[in-house]
Amino acid sequence: MEDLSLHILDVAENGITAGASLVRITVEEDTQQDRLSITVEDNGRGMAPDFLAKALDPFVTTRTTRKVGMGLSLLQQTAAEADGDLKVESSPGRGTTVRATMRHSHIDRKPLGDMAVTMITLIEGNPDVDFTYLHRKDGNEFSLDTRDLREELEEVPLNNPAVIEFIRKSVASGLKEINAG
Amino acid sequence: MAKISIQDLKKIKEEQKARMVLREGAQRAKITVHMGTCGIAAGARDIMVLFRDIIGERGLDDIILTNSGCAGLCAQEPMITVEVAGQSPIKYVKLDSAKARRIFDEHVMAGNPVEDFALARGSETTAQ
């Protein structure tokens, strides 16, 4: 994966494959503490403790189309390369939380990438799933909740092209704003 | 705190509601971009951006763009499946933006599958 936004897309897609109706994505950047953390929390079917213990092994997957699962182990590697780690919590029937932390200024930390495109890819590709996105940077924050948008849009679907473009622009300008401080 | 502008969203809702009344007809095609770990690492998100941009530029409202997971052919990613109304679905493999553009024009818009980029063509041959 070239950047963190692609990892986030990948982990969020895992949650959707696990039957989630809500995926919550949080990115926290704290340059004082020199930490960057990514949390992806889903309410999908979750993993039993014995499977969870093996979840970071690339040769373990729930998928039936191939026998190798790469997503979480790739993110673990990305985190480890930037002096961080990956934690996965899960319980059957309640969902899974994946949290990756990294040293913000680490020379090998992957760039965040385009979170606006990651969000619209998730929303457009999975119009029946709700997403929240909270991005904090040094005390500023941007948030998005598709449940609020859905309520506002009434019968207009979230994956309507004009709505998708609106979301892309809103996320891009929101992130720019919090980056400017 | 940066937030989404509800005023702008309301405006979009009104415009799109008006268009939806006109749109009642059938869909022309559905494009599914395979978005497993393998697909994402190989550039599937960029392929989805490309289709989204073409659909937006041309103002098309009868094409569904969606995504799916890994299809088990990771070495062939990025992959898409194109389903044109009334035709069999076709899987395309090892895509880049030039191939995706051609598939959009020739298959999605004109209804002619692009055999060169399809997963397979032809039938099995049996030994005599």
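A residue counts as buried when its relative accessible area is under 20%. Keep that cut-off at hand for the exercises below, and remember that the model is predicted.

**Exercise 1. Decide whether B:Phe51 and B:Phe104 are buried or exposed.**

Step 1. Take B:Phe51: its relative accessibility is 0%. That lies under the 20% cut-off, so B:Phe51 counts as buried.

Step 2. Now do likewise for B:Phe104. Its relative accessible area is 0%, so B:Phe104 is buried too.

**Exercise 2. Find the aromatic pairs over all chains and classify each one.**

Step 1. Start with the count: there are two aromatic pairs over all chains.

Step 2. Look at A:Tyr133 and A:Phe142. Their ring centres are 6.1 Å apart and their planes stand at 65 degrees. An angle over 60 degrees counts as edge-to-face, so this pair is edge-to-face. Both A:Tyr133 and A:Phe142 are buried.

Step 3. Turn to B:Phe51 and B:Phe104. Here the centres are 5.9 Å apart, with 35 degrees between the planes, and the pair is tilted.

Step 4. B:Phe51 sits in helix H3 (residues 44-57) of chain B, and B:Phe104 in helix H4 (residues 97-109) of chain B.

**Exercise 3. Describe the largest nonpolar core and the surroundings of A:Ile167.**

Step 1. The largest nonpolar core here has 79 residues. Those with the most contacts inside it are A:Ile25, A:Tyr133, A:Leu144, A:Ile167 and B:Ile80.

Step 2. Zoom in on A:Ile167. Leaving aside residues up to four places away in sequence, A:Ile167 touches A:Ile120, A:Ile123, A:Leu144, A:Leu149 and A:Leu158.

**Exercise 4. Work out whether chain B is more spread out than a compact globule.**

Step 1. List the elements. Chain B has four helices and four strands, and from the N terminus on they run α-β-α-α-β-β-β-α.

Step 2. Compare the radius of gyration with the globule rule. Chain B has a value of 18 Å, well over the 14 Å that the rule gives for 128 residues, so chain B is more spread out than a compact globule.

Step 3. Finish with burial and contacts. Of the 128 residues in chain B, 41% are buried. Among its contacts with a separation of 6 or more, 63% join residues 24 or more positions apart.

Key
Residues numbered from 1 in each chain as written. Chains lettered and ligands numbered in written order. Predicted model: local features only at pLDDT ≥ 70, side-chain atom pairs only at ≥ 80, totals over all residues. Heavy atoms only, no water. Core = buried A, V, L, I, M, F, W, Y, C linked by side-chain atoms within 4.5 Å. Buried < 20%, exposed > 50% of the residue type's maximum accessible area, 1.4 Å probe, protein only. Contact = heavy atoms within 4.5 Å. Phe/Tyr/Trp six-rings, centres within 6.5 Å; stacked < 30°, edge-to-face > 60°. Helix = DSSP H or I, 4+ residues; strand = E, 2+ residues; numbered from the N terminus. Rg over C-alpha atoms; globule rule 2.2 N^0.38 Å.
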